[in-house]
Amino acid sequence: MDKWWKKTVVYELYPQSFKDSNNDGVGDLKGIIEKLDYLQDLGVGAIWMTPIYTSPLVDNGYDIADYQNINEIYGSLADLKNLIKAAEAKQIKIIMDLVLNHTSDQHNWFLQAKTSKANPYRDYYIWRDQPDEKKSIFGGSAWTYDSTTKQYYFHQFAKEQPDLNWENPKLRSEISAMIKWWVDFGVKGFRLDVIDLIGKEVDKKIYSNGPNLHQFIKDLRAESWNSAEFLTVGECWGASIDDGIKYSNEKNDEFSMIFQFEQITELQSELGKYLYKEIDFIALKKVYKKWQQGLHGLGWNSLYLGNHDLPRMISKYGNDQEFRVASSKTLFTTLFLMEGTPFIYQGDEIGMTNTNWENITDYQDVEIKNTYQDLVLDEKKLTHEEFMQGLKANGRDHARTPMQWDGSENAGFSNAKPWIKVNENYQTINVENDLKNPSGIYNYLKTLINFRNKSEYADLIANSLYVPTLIDDSYLFAYARTNGQKTIKILANWSEKELDLSVLNLQGLEVLLNTHDSFADLKLKAWQTVVLLETRI
Ligand code: GLC
């Protein structure tokens, strides 16, 4: 029997920007409840919410001050209970985000820890007399001096996000107990934030994939969510195929699946996302081939092109102007018929795009601010103009602007001024407009999700081999899924050129899905995708 997440689609929801029910400019849990019908109708089987715990929101909730409480701007524990129940009634499972590598500097453990070296919580964090040269992922040193106790503490992200010391067994058992509490509360899964960083050994300069990492994960699972039905997805930026198998092989008792990022990191410039680099389409296809084939039968992939840390998928990989609708459909089709669990990032189902903000002060993200300070002002590795080009292409805030529900003020997200600016294109691109259009993105995606999860091809899509073709072609993303008897062919035009496929011997194959009206001439129009059936007798 296949695990339920093999035939489901998960919706990643950014609560701060989804729907504001009490008009304070910030999205909230009641707002999500209001919109459950919209998500059910789309066909999603689970919602992953980014962190909603008590937090000073330095990193928008990835800095948790209390793991067992809800930030009051989002609502209360009772609201979350209601959300879980209301979602369950619509066959939607609620997945929480767990940030276990670090806490907020406002967490009681850290407040205690920094009062004295003898405090019982001191060893929940990582302290040294001298810093080394290790840099934080957000820029600047990974060590911050604490003048009360005259030592430095370690943080791989902002200084307000001190790293936890996983070598400490007391910390580990407190974390397990906390997770167990959430399982008993009724959540149906977890996304585990930067989980590959927890097994670090800073004195040996091992910061990710440490020697104890997999044991920590196994113990955590055994002591908290220990269930084969529980969806867990580990965020692992540095994972290799072998790591991916360890994390997600069913027999290994770790996670259900992982987020790996090779399709992002492989294609970036040597200075990372803020130095612009054009996408190498062929390299991208090769990374997909590697992961699709590498985990086949041995592990389980997640499939995503956008999330809250990435730019809008349509702006990065598609055409967010003339071919916005067609290229959204094409990106979703290309991705969702691979092997793995597809994730939709909030707003991508209606083709939301990057912002076009010229002014750095419009951006709110701590990563953007700290990296600007580091790369432009302190180290002068990038000019302001270079940074802005990278930011406009890849900054995290593009995906964090309020959901565009309709063309009214603040895009129907809130009656109050939103915490971050609304994308200026909200009067054209919004849910109301897209739903009105029978050939809009949402309606197409609904058909695609149904085809993927519920049609007679669902087993083939969930379990069969991925066979790419024409991998060196600069415009076509083409692959087949085949079990020997039945083959479906996915032919996706990732360009504005018209592609003539008459040489490919496709005559007479049944068209199962088509982003456009016709394919009779065996030509793919700009950003057109077709899915064809081939049956061997
Ligand atoms: C993950 C989150 C990101 C956050 C970081 C630190 O990568 O997705 O948003 O800033 O971890 O918690």
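Let's start with helix α12 (residues 366–378) and helix α13 (residues 384–394), whose axes come within 10 Å and cross at roughly 150°. Helices here are DSSP runs of H or I with at least four residues, numbered from the N terminus, and axes are lines fitted to C-alpha atoms over the stretch in contact, with angles from 0 to 180 degrees between N-to-C directions. α12 and α13 are therefore roughly antiparallel to each other, a label for angles over 145 degrees. On the α12 side, I368, T371, Y372 and V376 make the contact, and on the α13 side H384, F387 and L391 do; contact means heavy atoms within 4.5 Å.

This is a predicted model, so local features need pLDDT of at least 70 and side-chain atom pairs count only at pLDDT 80 or more, while totals for chains, interfaces and linings use all residues. Residues are numbered from 1 along each chain as its sequence is written, and side-chain values use heavy atoms, leaving out hydrogens and water.

Now for the other pair: the axes of helix α7 (residues 241–248) and helix α9 (residues 281–295) also come within 10 Å, crossing at roughly 45°. That makes α7 oblique to α9. Here I241, G244, I245 and S248 of α7 meet K290, W291, G294 and L295 of α9.

On to the ligand. Of the 13 residues around it, D59, H102, D193, H308 and D309 come nearest. Polar side-chain atoms also sit by ligand oxygen atoms: one of D309 at 2.4 Å, one of R191 at 2.9 Å and one of R396 at 3.0 Å.

Notes. Helices (H or I, at least four residues) and strands (E, at least two) are DSSP runs, numbered from the N terminus. Angles under 35 degrees count as roughly parallel, over 145 as roughly antiparallel, 65 to 115 as roughly perpendicular and the rest as oblique. A residue is near a molecule or strand if one of its heavy atoms lies within 4 Å of it. A polar contact is a pair of N or O atoms within 3.5 Å; within protein, one must be able to donate a hydrogen and the other to accept it, and residues adjacent in sequence count only if both atoms are side-chain atoms.
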